[in-house]
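Here is a short report on selected residues and their surroundings. Please have the model open as you read.

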Amino acid sequence: MSVQRRRGQKATVFLTHDVVDARGATQARTDMDNAVEVKAAFIPQRSARAEVPGQQEIDVYRMILTHEIEGLGLNCQVLWRGAYWDVVTPPSYRHGTRQVRHMSVDIRERP
């Protein structure tokens with residue numbers, strides 16, 4: 001495991017589960033009851049600050065974590081630095097030796 005992920009920051013990942021709605025369609029929903037504690041590296045990607053009232057602030061970070069988490073994907077949420085973040089990109093798996101193998105996702109702070 002890389003130094004950044006081994007000494008990384010702690011975060012809680014809320015994975016998804018399938019729910020059947022009233023129409024019989026299956027939807028992926030965030031499962032707030034089952035959480036996975038991870039250590040991850042966070043890299044700022046882009047941000048936009050609100051300059052006028054009514055505009056929205058956007059903070060996007062890339063979260064690099066171990067490849068062993070099953071079920072990580074869109075509709076998942078992350079609790080990091082006291083705020084909830086949405087996973088906005090599908091996980092990108094990076095293969096390599098055991099020390100460098102990882103997944104990365106982009107997360108955006110919830111408004």
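Where is the place of His67? His67 sits in the loop between strand 3 and strand 4. Strands here are DSSP runs of E with at least two residues, numbered from the N terminus.

## Basis

This is a predicted model: local features need pLDDT of at least 70, side-chain atom pairs count only at pLDDT 80 or more, and totals for chains, interfaces and linings use all residues. Residues are numbered from 1 along each chain as its sequence is written, and side-chain values use heavy atoms, with hydrogens and water left out.

His67 has a relative accessible area of 25%. That makes His67 partly exposed (buried is under 20% relative accessible area, exposed over 50%, partly exposed in between; 1.4 Å probe, protein chains only).

His67 touches Tyr93, Arg101, His102 and Met103, leaving out residues up to four places away in sequence. Contact means heavy atoms within 4.5 Å. Arg98 is 31 residues from His67 in sequence. In space, the two are 9.9 Å apart, C-alpha to C-alpha.

## Aromatic pairs

A pair of aromatic rings is described by the distance of the centres and the angle of the planes. Rings of Phe, Tyr and Trp (its six-membered ring) pair if their centres lie within 6.5 Å; planes under 30 degrees apart are stacked, over 60 edge-to-face, and the rest tilted. The structure holds five such pairs. One of them joins Tyr61 and Trp80, edge-to-face, at 5.1 Å centre to centre and 75° between the planes. This pair links distant parts of the chain: Tyr61 is in strand 3 (residues 58-65) and Trp80 in strand 4 (residues 77-80), 19 residues apart. Trp80 also pairs with Trp85. That pair is tilted, with 5.2 Å between centres and 50° between planes.

Ring pairs link Phe42, Tyr61, Trp80 and Trp85 into a cluster. Tyr61 is buried, at 17% relative accessible area. Trp80 is buried at 2%, and Trp85 is buried at 1%. Arg81 lies over the face of Trp80, 4.2 Å from the ring centre. A charge sits over a ring if NZ of Lys or CZ of Arg is within 6 Å of the ring centre and within 35 degrees of the ring normal.

## Thr12 in strand 1

Thr12 lies in strand 1 (residues 9-20). Thr12 is buried, with a relative accessible area of 10%.

Which side chain does Thr12 join through a polar contact? The partner is Glu37, at 3.0 Å. A polar contact is a pair of N or O atoms within 3.5 Å; within protein, one must be able to donate a hydrogen and the other to accept it, and residues adjacent in sequence count only if both atoms are side-chain atoms. Beyond four places in sequence, Thr12 is in contact with Ala35, Val36, Glu37, Gln77, Val78 and Leu79.

Definitions and conventions. Helices (H or I, at least four residues) and strands (E, at least two) are DSSP runs, numbered from the N terminus.
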